[in-house]
Amino acid sequence: MSARHLLRQFDGRLTRELLLEPGKFGLGKFPARFAPDATTSMVCGYCSTGCGLKIHLQDGAAINLSPDADYPVNLGMACPKGWEALSVLNSPERATTPLLRGGEGSGAALQPVSWERALTTFCQRFKAIIAKHGPGSVAFLSTGQIPTEEMLLLGCLAKFGMGWLHGDGNTRQCMATSVVAYKQSFGFDAPPYTYADFEASDVIILVGSNLCVGHPILWERVLRNPHQPKIVVIDPRRTETAMGATHHLPILPKSDLTLFYGLAHLLIERGWIDQAFLDRSTAGFAEFRQFVAAFPIERVAAETGLPKADIEALARLIHEGKRVSFWWTMGVNQSYQGVRTAQSLINLALITGNIGRPGTGANSITGQCNAMGSRLFSNTASLVGGRDFSSVEHRAEVAQILGIEQACIPASNSLCYDQILDGVKAGKIRGLWVIATNPAHSWIGQAETQQALSKLEFCVVQDMYRTSETAQYAHLLLPAAGWGEKEGTLINSERRLGLMKKVARAPGQALADFAIFRLLAHYWGCEAMFAEWTDPEATFRIMQRLSRGRPCDITGIRDYQMLDERGGVQWPLPAGELDNPALAARERRLFEDGRFYHPDGRARLLFDAPQPLPEPPDEQYPLLLLTGRGSAAQWHTQTRTRQSAVLRKLYPREAFVEIHPADAAPLGIAGGQQVVVQSRRGRITLRA
Ligand code: SF4
């Protein structure tokens, strides 16, 4: 397609012809795909639960939605965010046109410019920084909120097409520790479970997870369990989930690793382990047994603050349970020594043989709707398909599949999210492209981060909304379509690929991120590399080729329609395996054959001594602060959820801090009072 043709479509007027030819640039087949007043189904675009929603259409456009009763994830349920998913699309805060600081003239304000000007400026400014300071002086920060096809295109465009070295996803902030834990223990980043396991367990152990608020539909799945399960919540705080559990162990903050090593010791000492499974399917048990011998119950009780009887009782519950499942979320993922803590739970599942059977597993629940897509296909922390940038073999494989020169693929890993922001602070990263994430709000050390962002030579924000905290630091803002305004797949916590469809038009000149990436490929001059990437479904076929022969093989998925018909598909589904009843089932778990992804087929038992907190309480900062979400109606930095009047009513009007009465009394703090919370990194006034 000629540049002139592109410009005719995008220069200033979006565009009757574009809407009539929406397949171009991955804009989706709206509205031709649906009968005018039909109902269609698609997955929710907030959290990693990945609920199915029925979208009700009038004249081909979405007018309402309801939870999909046939979808195997949510079985007809949805949380408030899902119910309100359409309403947040219609907001006066939407970005509807490219905005450039200074616009066509001079001045400091963001002003509307044409797409042509925006795309040209993007390329000129980043190329100038690279020419002066090298390819390591620019980076992108991406997200777990866009479809997998868009992530794949972004990762390949930036790293193979534009020659950038650095780019990472905000998924680094939530579950990178679990990714590493699974890779090391199982040989691949592979959460083993299916949500049906919540209903099949007789003992459910939740660690650092306020499931009832963070993943309300999964909590509903727990409540549907017909086996009268024991529900154990291990959490320093008496969360809503702890209140609904049968057992709550209010552990001292960051003593979880000690508890799980101590439990392993008790189980081994009493012979409450599955020796046959250990012999057949694991490596490292002798070393592990020796290591955990240093965690007798007296030590564990002293370090965790839990009574010995409660620790013993938990060991007995695990022993007596026929189907024990271990689940964790951000309390583990975002903690100090998070990898080893996740692995200490994996170890408990392995030594007791609680894996690969219904109702069992060492199960990390992710956060964002497409965190799993980001882990496998975003080309950020790992080379696409769960490969390594540093492996010559892997680079050769990817180059061959994509038909590109191997030299285009960086031979080393990117800087991680935190290192990119450190690079911005140090003035080494001078140009930053932020896609569908909000680090000015979400990153630790907010004030310092905001100051660093303000020093960037060039900052591009690509987002649905022009009002995010990060957008305030943009020199260029690219208006993006959101959930429901474009197509692609999302992969949920239980490895299920579900479909997002275009059921609404993006406002003004906003474009699907897919379209923006394709246009940038054209303006950057690397369009030829992406000739085959014509739309999301064509890109999905590339994704399938990249997955072939990998643990996440999805070559057996016929097309998008198959995802629609089957209520999503869990990976893996290799080509030709649809006749295999185990793989064709709608709900599947991994490791049923006791074989893991390491070359010898054995899982590893990995461990390390618990380390003291790097910043323990001291005289100046005497209290520990744990963070958490207080409402199922609020999401992340509220960029989206605050657009809904209903959600605004449902979540607390102001942020609050809970203080134990024993801590509050000597400080003279009463409930409802405003207090200043100050850490080494910042200060905020909150309601106690
Ligand atoms: Fe389901 Fe999560 Fe969407 Fe709520 S936000 S409807 S739990 S996918």
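1. Asp-59 is found in the loop between strand E2 (52-58) and strand E3 (61-67). Its phi is near 50°, a positive value in a residue other than glycine. Asp-59 is exposed, because its relative accessible area is 64%; buried means under 20% relative accessible area, exposed over 50%, and partly exposed in between, with a 1.4 Å probe and protein chains only. Helices (H or I, at least four residues) and strands (E, at least two) are DSSP runs, numbered from the N terminus.

2. A word on the basis of this note. The model is predicted, so local features need pLDDT of at least 70 and side-chain atom pairs count only at pLDDT 80 or more, while totals for chains, interfaces and linings use all residues. Residues are numbered from 1 along each chain as its sequence is written, and side-chain values use heavy atoms, with hydrogens and water left out.

3. His-636 also has a positive phi in a residue other than glycine, near 45°. His-636 sits in the loop between strand E20 (603-604) and helix H27 (645-650). With a relative accessibility of 39%, His-636 counts as partly exposed.

4. Five strands make an open sheet, ordered E10-E9-E8-E12-E13, with parallel pairing. Two strands pair if DSSP finds at least two bridges between them. Strand E10 (247-249) and strand E13 (361-364) are the edge strands, each pairing on one side only. From one strand to the next, the twist averages 15°. Helix H15 (residues 308-320) packs on this sheet and touches E8, strand E9 (230-234), E10 and E12; contact means heavy atoms within 4.5 Å. The direction of H15 makes about 135° with that of E9. Axes are lines fitted to C-alpha atoms, for helices over the stretch in contact, and angles run from 0 to 180 degrees between N-to-C directions.

5. Val-207 stands opposite Trp-328 in E12.

6. Is E8 enclosed or open to the outside? Five of the five residues of E8 are buried, so this strand is largely enclosed by the rest of the structure. In a regular strand the side chains alternate between the two faces of the sheet. Here, Val-203, Ile-205 and Val-207 point one way from E8, and Ile-204 and Leu-206 point the other way.

7. Thr-329 lies in the loop between E12 and helix H16 (330-333). Is Thr-329 buried or exposed? Its relative accessibility is 5%, so Thr-329 counts as buried. Leaving out residues up to four places away in sequence, Thr-329 touches Val-207, Gly-208, Ser-209, Asn-210, His-215 and Ile-365.

8. The axes of helix H5 (residues 148-161) and helix H23 (residues 513-524) come within 9 Å and cross at roughly 20°. H5 and H23 are therefore roughly parallel to each other; angles under 35 degrees count as roughly parallel, over 145 as roughly antiparallel, 65 to 115 as roughly perpendicular and the rest as oblique. Their crossing is left-handed, which means that the near helix is turned anticlockwise from the far one by less than a right angle; clockwise would be right-handed.

9. Residues of H5 in this contact include Leu-153, Leu-154 and Leu-157, and those of H23 include Phe-514, Phe-517 and Trp-524. By class, the contact of H5 with H23 has eight nonpolar, one polar and four charged residues. Ala, Val, Leu, Ile, Met, Phe, Trp, Tyr, Cys and Pro count as nonpolar, Asp, Glu, Lys and Arg as charged, and the others, Gly among them, as polar.

10. Another open sheet has three strands in the order E17-E18-E19, with antiparallel pairing. Its edge strands are strand E17 (485-491) and E19, each of which pairs on one side only. E17 pairs with strand E18 (residues 496-502) over five bridges, and Gly-488 stands opposite Met-500 in E18.

11. A cis peptide bond, with omega about 0°, joins Trp-571 and Pro-572. Pro-572 lies in the loop between strand E19 (569-570) and H26. Ala-582 is in helix H26 (residues 581-584) and is partly exposed, with a relative accessible area of 46%.
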